[in-house]
Amino acid sequence: MAHRLEITLKPELFDAEGEGICKKAAAYFNLPVEGVRTVQVLTIDTDLSPGQPEIVRTEIFTNPVTQISSYDPLPLEFDWCVWVGYRPGVRDNPGSTAVEAIQDVLEIQFPEDADVYTSRRYCITGPELARADVELIAQELLSNDIIQQVRVFSKSEWDPKAGIGLIIPRVHLNHTPTVTTIPIDSDETLKRISDERNLALNVNDIPVIRSYFMEPAVRADRKQIGLSDPTDVELEYISQARSDHCNHNTFQGLFRYTDLDTGQNDVVDNLFDTFIKQPTLSLKKKKDWVVSVLWDNAGVGRFDDTHYYVITGETHNSPSNMEAYGGAITGIVGVYRDPLGTGLGSRLVMGSYGFCVGPRDYKGDLKPRLHPRRLLDGIIEGVRDGGNKSGIPTTFGQVIFDDGYMGKCLVYVTAVGIMPAKVVEKPAELKTTNPGDRVIMCGGRVGKDGIHGVTASSETFSEHTPAGHVQIGDPYTQKKMHDFLLEARDAGLIQFITDNGGGGLSSSVGESARYSNGCEVWIDRVPLKYSGLDQWEIWVSESQERMTVAVKAEDVDRFMALSEKHAVESTVIGKYTDSGKLHLTYDGHTCAYVNMDLLQSGFPQWEFDAEWRSPEHRGLHEPVLDEPSDYRRLLCDLLSRPNIASKEWIIRQYDHEVQGGSVIKPLVGPERDMNSDATVLRPVLSEKRGVVFAQAMLPMYSAIDAWHMTSCTIDEAVRRMIAVGGDPDHIGGVDNFCWPSIQYDPKKNPDGKFKAAQLVRSCRALADTCLAYEIPLLSGKDSMYVDGQLPGRYGETHKVSALESLQFSTIGVIPDIEQTVTMDVKMPGDLVYFLGRTRNELGASEYYEHFGYTGSNVPTVRHEAFIKTYRALYQAIGRGVVASAHGIYRGGLAVHLAMIAMGGNLGLAVDIAKVPAESLRTDHLLFSETPGRFLVTVAPENGMDFESLFDPEQCACIGKVTDTAVLDVCRGLKPFISVPVPDLKSAWKKPFGGLV
Amino acid sequence: MSNGINALVLCGYGLNCDIETAHALELAGANARRVHINSVIDGSVNLADFQLMAFVGGFSWGDDHGAGVIQAVRMKKNAGDKILKFVADGNLVMGICNGFQTIVNLGLLPGFDGNYQDRSVALTFNDCGNFRDDWVHLQINEETPCVFTRGVSRIELPIRHGEGKFVAADSVLSRLIRENQVVCRYARADGSPADGGFPDNPNGSMHDIAGICDPTGRIFGLMPHPEAFNHPTNHPDWPQTKERTGRGEATAPGFPVTGIRMFENALNYFQ
């Protein structure tokens with residue numbers, strides 16, 4: 001019999017969660033909610049003997065100081081009561097830990113079907129509220145119908161004895177696992193089945209798949225083990241492996257690029273090889289700190305002689321767009337498995353994020369599944385719980401608001417790890433599988449969650465996207481696994497390790513078996529969350545928090561003993577072979593038998609037409625805009641623009657100091673509220689060496705040319721590192737592309753060829769800029785199909801495509817953390833230097849955007865001049881003559897003068913006539929977004945020394961720091977901005993300053 | 001430079017400050033060893049070999065049912081006697097953040113009248129409604145018997161928690177205050193009491209309480225993280241301080257007092 005325990009805070013205690021709901025209901029929907037009290041509900045679905053429920057209640061789940069609880073509904077007053085619980089099969093993390101605790105305290109073992117389900121009941125007071133209001137609150141603040149179920153009770157509907165009733169979301173599949181043989185009599189049949197089963201096979205792959213299964217030698221082989229036509233397990237395996245997500249078909253595609261202005265054509269065969277792999281390999285020869293790139297789950301660089309750092313990036317866009325919290329937490333927890341699965345495994349030391357959503361205050365007619373504000377709330381919370389509960393500091397990030405992200409949001413996540421250079425005398429960056437090694441799955445169990453996640457993210461979001469790919473990450477289970485696997489690594493027990501992400505076992509085992517050239521997997525041994533999964537589902541399920549490890553047969557016992565000590569579930573599910581076959585069995589019967597080399601050969605390359613038209617020929621031009629006169633107000637308004645404004649509320653929710661190595665935090669300055677250019681941390685606490693990390697995103701420039709979007713983004717990420725003292729000779733890069741669909745279709749994607757051209761240009765710029773700055777790409781990721789179909793006001797739907805977006809991360813190593821600097825001005829009297837040169841480059845700037853213009857003069861990177869300045873600044877910081885340094889980024893000079901003044905809470909007196917520049921109008925000087933520029937402050941006595949390092953064309957003293965806390969800007973004799981710094985700060989904090 | 005004191009740092013089950021806590025103890029001169037909770041429970045590691053036990057920060061068991069609650073339940077059930085004996089033997093116990101939450105739920109604190117099993121104080125959800133990472137100013141009670149804070153009157157440390165609001169009945173609070181078991185309180189930058197004001201008091205703790213000890217002063221729990229102030233560059237003001245010092249200005253008085261001082265005090269107790 002099930003027991004339903006309700007727990008709540010004592011009535012005299014403040015209910016912070018309830019208060020948060022009241023505030024949001026008022027702020028978001030203007031609803032008169034007077035109070036909310038939250039009740040946690042535990043539905044314990046197992047038989048307990050008399051007395052046991054009371055032990056469970058008092059000894060585990062009720063804090064005598066703060067809580068009251070009861071197995072009867074708690075008699076809380078309300079006008080409306082909303083119950084929210086998970087749908088069957090949704091990951092319930094608190095439910096699992098409750099089972100652990102109950103089993104331990106009662107010394108019992110839950111039977112197979114028994115479980116604990118957690119849910120919440122909200123007691124809402126507000127006599128004015130109507131049912132529709134409460135349903136709105138339930139829908140928009142308290143639940144997401146994809147993963148949760150909701151019941152609303154009015155006061156009169158509530159039965160104080162029965163309460164919410166006994167709701168048990170147990171999964172009942174009532175299904176016998178079955179392997180289905182799929183007929184392949186024609187391409188049409190296979191295409192039809194692909195559509196029916198949501199396999200998302202590419203039409204061009206179908207003949208290749210068919211011809212493989214019809215080959216006489218293959219058929220003869222298969223006949224011997226009792227197979228004929230392909231099984232569903234095999235086709236699912238192929239579909240996963242061939243998906244754009246796993247195989248990067250777009251980046252490996254053939255592009256026919258035409259410049260429609262000049263009529264010139266050229267062909268790019270494989271963007272990845274041409275613009276990522278080749279440049280990186282050539283740079284690897286020059287940079288001895290590049291340890292391992294282009295093959296593993298993450299790239300590896302040298303930290304010092306005995307440690308390597310590991311870095312990679314990911315996105316989790318489609319799932320987050322459906323279920324923001326679940327998608328985002330799964331994304332960040334997922335990316336943390338990549339460094340853990342790199343080489344023989346690394347310890348996670350840092351994470352970062354990038355969120356792109358529609359305007360937070362969107363009031364238009366389009367109806368996205370989740371309003372951008374709610375979407376962002378959920379994403380923030382997902383990354384918060386995923387990062388914080390993993391014990392990994394989240395030290396950096398960006399948030400960008402743009403209408404284009406209404407169709408699909410972007411959730412970027414990046415992870416950095418550290419590994420010893422050697423593990424038991426073996427190079428830690430290398431790994432392989434050998435015949436006889438056991439295949440061990442560690443961590444979570446397998447359920448239906450995430451099935452077809454990979455193929456869904458390779459498609460445009462629509463009503464028919466299966467909701468099954470929404471999951472909720474479990475950082476607790478993963479943290480245990482992380483600690484366990486590192487101990488196993490150090491004991492020399494791991495031969496190979498990789499994570500189960502997209503494609504699940506199908507991809508982790510499939511890929512690791514390439515090294516030994518074969519494997520045999522006993523699918524029936526895979527531990528399941530509930531019975532009734534088909535074999536193919538077990539094979540491709542993306543249930544989270546799992547790693548696949550190869551362990552020598554003789555080490556299995558030690559490995560399992562360690563696993564048990566760490567309370568991690570590990571299971572031998574097969575062995576690696578050299579048979580040349582991927583061989584899966586279930587209860588002894590073969591259900592898949594495929595040549596290991598099937599996926600490497602014979603599949604046709606994807607092909608794209610790319611047509612470029614220059615901005616001029618697309619009709620873009622500079623706006624006809626006269627110079628403004630009220631610069632004070634203009635500057636304050638720019639500071640209040642959402643993409644510029646302070647987002648401290650997000651940063652403070654993220655533990656950015658755990659692990660104890662924080663050096664430059666995401667927020668700096670005496671008031672600890674300004675965004676740092678980059679972050680610095682000590683991953684090895686006993687050393688003074690540090691890791692410098694920065695990121696940038698400038699998708700707005702894609703509105704003019706993705707080439708310049710790309711080079712400016714990379715330049716900004718580099719400049720951010722340089723600004724804190726990063727070494728220009730050690731910059732590792734991570735490219736993370738998110739692009740709208742580039743597959744041309746006259747009706748569905750009429751500008752597909754243009755978007756394809758933007759991608760080609762972006763990749764060219766990536767290669768060009770990385771070669772110039774000497775940035776090997778340690779890792780990268782691409783996510784295509786950032787488009788959505790949104791219903792409008794009249795029942796019509798609109799296709800909304802995101803801006804072509806690239807998040808670029810830079811990482812470096814510095815020998816002495818105490819040599820780093822922050823962006824805040826430090827001392828009155830210091831000289832303010834401007835580095836770089838300002839040009840008329842306001843195209844797609846924040847300034848133009850403020851007026852609704854795009855313009856055409858897109859900011860342009862001039863590598864040669866920039867690099868000289870960066871090297872000189874590095875030298876200056878090394879000499880200790882720099883008091884503060886800050887790049888001039890989005891918003892331009894005026895915005896960033898404001899930033900450094902706010903940073904130090906000091907004033908500036910600056911003459912912009914001294915700024916090295918083309919002859920420019922004042923507004924252009926102030927708001928141009930020319931890259932390559934910095935603001936640096938220097939003690940007066942160090943001025944000469946500082947200047948001597950720079951080309952005088954690229955360096956000028958433009959003023960000084962004052963103790964008045966006023967930003968004074970003049971041009972020659974003409975003063976035109978004088979704003980108290982506190983006013984700047986209040987403008988900058990206005991949009992989001994009230995959020996916690 | 002070890003002074004022969006063995007410190008046990010718990011790890012496993014979602015704890016995540018074990019490495020830096022061990023590092024801080026080593027810096028202070030201890031032999032620190034990270035020990036999995038299960039190794040304490042199954043006896044493969046013997047508490048009798050240690051003089052200090054650190055319950056560290058993290059999210060034990062995901063903190064899904066109240067922070068530190070399940071860790072306390074599991075430890076009490078499976079190692080409760082060993083821990084009580086460890087305390088009775090005159091050793092030191094430190095609980096930081098999740099560790100504080102845990103030892104409060106174990107009943108090691110407040111430890112009135114030598115009773116180390118009663119739960120009479122709690123740490124609950126921050127009034128601000130969210131997890132928060134920030135640095136706080138702490139005013140140390142110089143009358144406290146706490147051995148960890150001797151000679152320290154003020155310190156800045158980071159807090160990083162969602163459930164740090166200290167709550168207790170009035171009678172318990174007044175006894176804690178009266179008997180100087182309140183070790184540190186959240187303060188303003190000038191050292192005056194935060195008086196509940198956010199963000200100086202980051203979580204709404206009653207009487208600004210950030211940390212308490214037992215009547216002997218040997219068991220100490222606090223929400224802020226001394227182990228995360230193990231190097232001058234952990235302090236958010238270090239770049240400004242470095243610049244001022246470089247220009248010949250005297251360093252602000254008392255800076256830097258790193259969190260290591262608390263660990264050193266603990267080890268000095270055994271001298």
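Two residues are taken to be in contact if their C-beta atoms, placed from the backbone, lie within 7 Å. The model is a predicted one, in which local features need pLDDT of at least 70 and side-chain atom pairs count only at pLDDT 80 or more, while totals for chains, interfaces and linings use all residues. Residues are numbered from 1 along each chain as its sequence is written, with chains lettered from A and ligands numbered from 1 in the order in which they are written.

A:Ala901 also turns up in the largest nonpolar core, where A:Ala901, A:Leu897 and A:Ala898 have the most contacts. A core here is a set of buried Ala, Val, Leu, Ile, Met, Phe, Trp, Tyr and Cys residues joined through C-beta atoms within 7 Å. Buried, in turn, means that 20 or more other C-beta atoms lie within 10 Å of a residue's own; with 12 or fewer it is exposed, and in between partly exposed, the C-beta atoms again being placed from the backbone. This core runs to 248 residues, and helix H22 (706-724) of chain A gives the most to it, with 11 residues. Domains 2 and 3 of chain A both give residues to the core, so it lies between them. Apart from it lies another core of 124 residues, including B:Ala67, B:Leu92, B:Leu157 and B:Leu222.

As for the domains themselves, the bounds come from an automatic or database domain assignment. Chain A is given domain 1 (2-154), domain 2 (182-269 + 431-603) and domain 3 (621-645 + 821-996). The centres of domains 1 and 2 of chain A, taken over C-alpha atoms, are 38 Å apart. Their contact takes seven residues from domain 1 and nine residues from domain 2.

Now for the strands. Helices (H or I, at least four residues) and strands (E, at least two) are DSSP runs, numbered from the N terminus, and two strands pair if DSSP finds at least two bridges between them. Seven strands of chain A make up an open sheet with mixed pairing, in the order S18-S20-S17-S21-S19-S22-S23. Its edges are S18 (496-499) and S23 (589-595), each of which pairs on one side only. Within the sheet, S19 (519-522) and S21 (570-576) run antiparallel and are joined by three bridges, with A:Val521 opposite A:Gly574.

In S34 (805-814), 10 of 10 residues are buried. S34(A) pairs antiparallel with S29 (690-697) of chain A over eight bridges, and A:Val692 has A:Gly812 as its bridge partner. Seven bridges join S34(A) to S30 (732-738) of chain A, also in the antiparallel sense, and here A:Asn736 is partnered by A:Gln807. In S8 (264-269) of chain A, the number buried among the six residues is zero, so the strand lies largely in the open. S8(A) pairs antiparallel with S7 (254-259) of chain A over six bridges, and A:Arg256 stands opposite A:Val267. The two form a hairpin with four residues between them, and A:Gly263 in the turn has a positive phi of about 80 degrees.

Between the chains, 57 residues of chain B are in contact with 57 residues of chain A. Elements giving two or more residues to the chain B side include helix H1 (18-28), helix H3 (69-88) and strand S6 (132-140) of chain B.
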